[in-house]
There are 4 protein chains.
Amino acid sequence: MAACRHHISHFTVEFGDCDPAQIVFYPNYFRWMDAASLRYFRAAGLPSWRELEARFGIIGTPLVDASARFLRPATYGDAIDVRTAIDEWRGRSFVMSHLIRRGDDVLVEGREIRVFARRRVDDPSRIQAVVPPDIVRQWCA
Amino acid sequence: MAACRHHISHFTVEFGDCDPAQIVFYPNYFRWMDAASLRYFRAAGLPSWRELEARFGIIGTPLVDASARFLRPATYGDAIDVRTAIDEWRGRSFVMSHLIRRGDDVLVEGREIRVFARRRVDDPSRIQAVVPPDIVRQWCA
Amino acid sequence: MAACRHHISHFTVEFGDCDPAQIVFYPNYFRWMDAASLRYFRAAGLPSWRELEARFGIIGTPLVDASARFLRPATYGDAIDVRTAIDEWRGRSFVMSHLIRRGDDVLVEGREIRVFARRRVDDPSRIQAVVPPDIVRQWCA
Amino acid sequence: MAACRHHISHFTVEFGDCDPAQIVFYPNYFRWMDAASLRYFRAAGLPSWRELEARFGIIGTPLVDASARFLRPATYGDAIDVRTAIDEWRGRSFVMSHLIRRGDDVLVEGREIRVFARRRVDDPSRIQAVVPPDIVRQWCA
């Protein structure tokens, strides 16, 4: 059995990402994790969200849970990378890990639990979890 | 002829709205202007965006132009208010002014030129300007 | 022994806080938790950060860990409140809970582990945890 | 006389940068312009802000004025580039232009008027404009 494939996304910490303590304002790490999740899905061959919505009614991968351990601060000008993988399938939900590093230093260990979601047929203002697309499950078995 | 009515929105400058120079990161002023625009429309009696979309296909009021003059800085903990009015109707577009103050001090003079927009019938991925709803024009003649 | 006091902060979900799925873009919940933390400290009688820095060298309360369980989505126009308390003291770190609700509905159960920090004397570019100020410990025993 | 040199910065529009109308939430364009300004200064040979503060007391380039004309919308997944130049020196202030494009399509024509600033000696809580560093003036004569 192959280990799950990962994808590495690159970001630059901007001046405006930092707070008066001159370090990254922490919600921005979740912003980068979210962006890394989408780049992971694209790397796995998943079509664009517009196509997913048009073909399958899937409107996104809303969060069930998100967490992060902050090990080292970063500041503006820093180049960071996010190593993303799916660590576990739990029925309709799945666990993504995001290891955020600056060079060899681990800055943040992040985790998101997500589902693929579509609008409910009986009430389009509500959403429901669907079985994750095969293409993602196959890419990361 | 009555002068145009205005609406005042209140915000608090948060720690995370400020940058390493310890003053508001300036794009946040546009974020507050955008929020003030929507509160203005609601004060004018405009239904919610969801209702506007369901009834008229209006999906928002995209920007044609936005600008701001920055007169004084603000920092976290500051209570600010935004005085919003429609200064001019220009056919399908209109000019909104946003005067951002902390107490009596004017911090920012902002201006947005907007249109009300709906998706094009021939190509829903594109949008087009529509005539502004009467309820807004009447509130601010 | 008195139970720990809590503080409730109020926010409005703005249009710009929501993503193309029309629900709150989740990193914004952490933005509100961070703002709620500071309002909690202010309610507890803690001086402003500027005064804390001038008097004690304390530059903020950086995060050790942050997490959230997302139970229900919210969208623009929603009024939300965040009920914040300190649940546990762990030496120099402490656990804050943030219960985010819209009316009676719990939307998010959030948690932050923080420390009070100052710049290191031997290297001002690095920070170190300090013992939390008495005023906070006494308010929330 | 040589024309002013320009610098091109690259960004990706993320899902979280877009609003419920599925297009970029406009304050984010100013966020990208601000980031492009700093990359421009770095490309011009300006030292890091930390070094500028340590050596010259310069703490940033606060805005005097910012504006943007929005010509075409962008959405998530779009690769955009920002072409930045200094168009005019006006004593202590200077005018930066930011042309934001997706491929050959111009999306936004932005402009910022900035000054280099340091803390006032008589009152460090206030800032004052200083003469722009020679290295920037020489790079962009």
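Good morning. Between chain D and chain A, about 1,400 Å² of area is buried, and carbon and sulfur atoms give 44% of that area. Buried area here is the accessible area, taken with a 1.4 Å probe, that two parts lose on being put together, summed over both.

Some conventions come next. This is a predicted model, in which local features need pLDDT of at least 70 and side-chain atom pairs count only at pLDDT 80 or more, while totals for chains, interfaces and linings use all residues. Residues are numbered from 1 along each chain as its sequence is written, chains are lettered from A and ligands numbered from 1 in the order in which they are written, and side-chain values use heavy atoms, with hydrogens and water left out.

I begin with the interface of chain D and chain A. Here 18 residues of chain D are in contact with 18 residues of chain A, contact meaning heavy atoms within 4.5 Å. The count of salt bridges between these chains is two; a salt bridge requires a side-chain nitrogen of Lys or Arg within 4 Å of a carboxyl oxygen of Asp or Glu. In one salt bridge, the side chains of D:Glu14 and A:Arg39 meet at 2.2 Å, N to O.

Which elements of chain D give two or more residues to the side that touches chain A? They are strand 1 (6–12), helix 1 (27–43) and helix 2 (49–56) of chain D. Helices (H or I, at least four residues) and strands (E, at least two) are DSSP runs, numbered from the N terminus. Helix 1 of chain D supplies the largest share, six residues. By class, this side of chain D has six nonpolar, four polar and eight charged residues. In this division, Ala, Val, Leu, Ile, Met, Phe, Trp, Tyr, Cys and Pro count as nonpolar, Asp, Glu, Lys and Arg as charged, and the others, Gly among them, as polar.

As to symmetry, chain D is superposed on chain A by a rotation of 180° with 0.0 Å of shift along its axis, at an RMSD of 0.0 Å. The two copies are therefore related as by a two-fold rotation axis. In chain D, the C-alpha nearest the axis belongs to D:Phe11, 4.7 Å from it. Superposition is by least squares on the C-alpha atoms of residues with pLDDT of at least 70 in both copies. Because 100% of the interface residues of chain D are also interface residues in chain A, the copies meet through the same surface.

I turn now to chain A and chain C. In this interface, 21 residues of chain A are in contact with 21 residues of chain C. The buried area is about 1,700 Å², of which carbon and sulfur atoms give 64%. On the side of chain A that touches chain C, helix 1 (27–43), strand 3 (63–70) and strand 6 (105–119) of chain A each give two or more residues. Strand 3 of chain A gives the most, with eight residues. That side of chain A divides into twelve nonpolar, two polar and seven charged residues.

How do the strands run where strand 3 of chain A meets strand 3 (residues 63–70) of chain C, parallel or antiparallel? They run antiparallel, joined by five bridges; strands pair if DSSP finds at least two bridges between them. A:Arg69 has C:Asp65 as its bridge partner in strand 3 of chain C.

Chain A is superposed on chain C by a rotation of 180° with 0.0 Å of shift along its axis (RMSD 0.0 Å). Of the residues of chain A, A:Ser67 comes closest to that axis, its C-alpha lying at 2.0 Å. Here, too, the same surface serves both copies, as 100% of the contact residues of chain A recur in chain C. Thank you.
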